[in-house]
Amino acid sequence: MESLPISLIQLFEKPLQEELRSESQMKSFPEGSVIIEIDQYIKNIPIVVKGTIKVIREDEEGNELFLYYVNAGSTCAMSLTCCMRDQQSQIRAIAEESVELLTVPVKKMDEWMMQFRSWKDFVMQSYSNRFEELLHTIDLIAFHHMDERLVSYLEKKAQIHHAKSVTVTHQEIALELNSSREAVSRLLKKLENLGKVKLLRNKIELLY
């Protein structure tokens, strides 16, 4: 690799930048691509350079639950754990929009943790950020009503795309929130009646 993205140059010290240039590869994924699949062994650590990854958990019956997003300059803490322990993935990672990743061989993780302070800080901060996001998701499920979870979901999705509207079907929302399409449609209609959203075909406009 000839050069690193500016976002990563700002994160890592120069000797580590040289290591990244020589050891890592850049990969691109179009919107909707499955980047990491459940039960897959992860051999490379993905660092998001551009775009956003959506991380989903799935139970034995195929019910899905949205966990969190991974944005540019970050990595998925669960993929780090699977790499270190040589375990199969427990999550599915999907490109929420077109994504560019820097992939780092797993063999370098422990070596760089000992050698580079900026890499250690990056890994620890990734764990901290994902842990906070997981706590937020758990709080929404445990302590908030479904309409509040729905609003939070729409706000995050709109923020990711830097827009006031999201392109998504009621069925897709239901799958990611582990609810029914009927319940989601009913709550969206309630939000529309309250003047908080405007429902269009496969699109929801936020009005606040």
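Because the model is predicted, local features are reported where pLDDT is at least 70 and side-chain atom pairs count only at pLDDT 80 or more, whereas totals for chains, interfaces and linings use all residues. Residues are numbered from 1 along each chain as its sequence is written, and side-chain values use heavy atoms, with hydrogens and water left out.

## The three-stranded sheet

Three strands form an open sheet in the order β1-β7-β3, paired in the antiparallel sense; strands here are DSSP runs of E with at least two residues, helices are runs of H or I with at least four residues, and both are numbered from the N terminus. Two strands are taken to pair if DSSP finds at least two bridges between them. The edges are formed by β1 (25-29) and β3 (44-50), each of which pairs on one side only. From one strand to the next the twist averages 35 degrees, where axes are lines fitted to C-alpha atoms (for helices, over the stretch in contact) and angles run from 0 to 180 degrees between N-to-C directions.

Strand β1 runs antiparallel to β7 (residues 99-105), and the two are joined by five bridges; within β7, L101 is the residue that stands opposite K27. Helix α4 (residues 107-115) lies across β3 and β7, and runs at about 80 degrees to β7, contact being defined as heavy atoms within 4.5 Å.

## The four-stranded sheet

Another open sheet has four strands in the order β2-β6-β4-β5, again with antiparallel pairing. Its edge strands are β2 (34-36) and β5 (64-70), and each pairs on one side only. The twist in this sheet averages 35 degrees from one strand to the next.

Strand β6 (residues 92-95) pairs with β4 (residues 53-58) over four bridges in the antiparallel sense, with R92 of β6 as the bridge partner of I56 and A95 of β6 opposite I53. Strand β2 also runs antiparallel to β6, the two being joined by two bridges, and V34 has I94 in β6 as its bridge partner. In a regular strand the side chains alternate between the two faces of the sheet. In β6, R92 and I94 point one way and A93 and A95 the other way, all of them buried; buried means under 20% relative accessible area, exposed means over 50%, and partly exposed lies in between (1.4 Å probe, protein chains only).

## Salt bridges

The whole structure contains 15 salt bridges, each a side-chain nitrogen of Lys or Arg within 4 Å of a carboxyl oxygen of Asp or Glu.

| Pair | N to O distance |
|---|---|
| E19 and K108 | 3.8 Å |
| D121 and R117 | 3.0 Å |
| K189 and E192 | 3.1 Å |

The bridge between E19 and K108 links distant parts of the chain, since E19 lies in helix α2 (residues 14-23) and K108 in helix α4, 89 residues apart. E19 counts as partly exposed because its relative accessibility is 22%, whereas K108, at 10%, counts as buried.

D121 and R117 are four residues apart in helix α5, and so are separated by about one helical turn; D121 is partly exposed at 39% relative accessibility, while R117 is exposed at 60%. K189 and E192 both belong to helix α8 (residues 181-193), where they are three residues apart, about one turn of the helix. Both count as partly exposed, K189 because its relative accessibility is 43% and E192 because its relative accessible area is 22%.

## The surface of helix α5

On the surface, F131, L135 and I138 form a nonpolar patch with about 300 Å² of accessible area together. Patches consist of residues with over 30% relative accessible area and no salt bridge, with like charges joined within 9 Å and nonpolar side chains (Val, Leu, Ile, Met, Phe, Trp, Tyr) within 5 Å; accessible areas come from the Shrake-Rupley method with a 1.4 Å probe, and for residues only the protein chains shown count as cover. I138 is placed in helix α5 (residues 117-143).

E132 also lies in helix α5 and, at 52% relative accessibility, counts as exposed. Its C-alpha is 9.9 Å from that of Y68, although E132 and Y68 are 64 residues apart in sequence.
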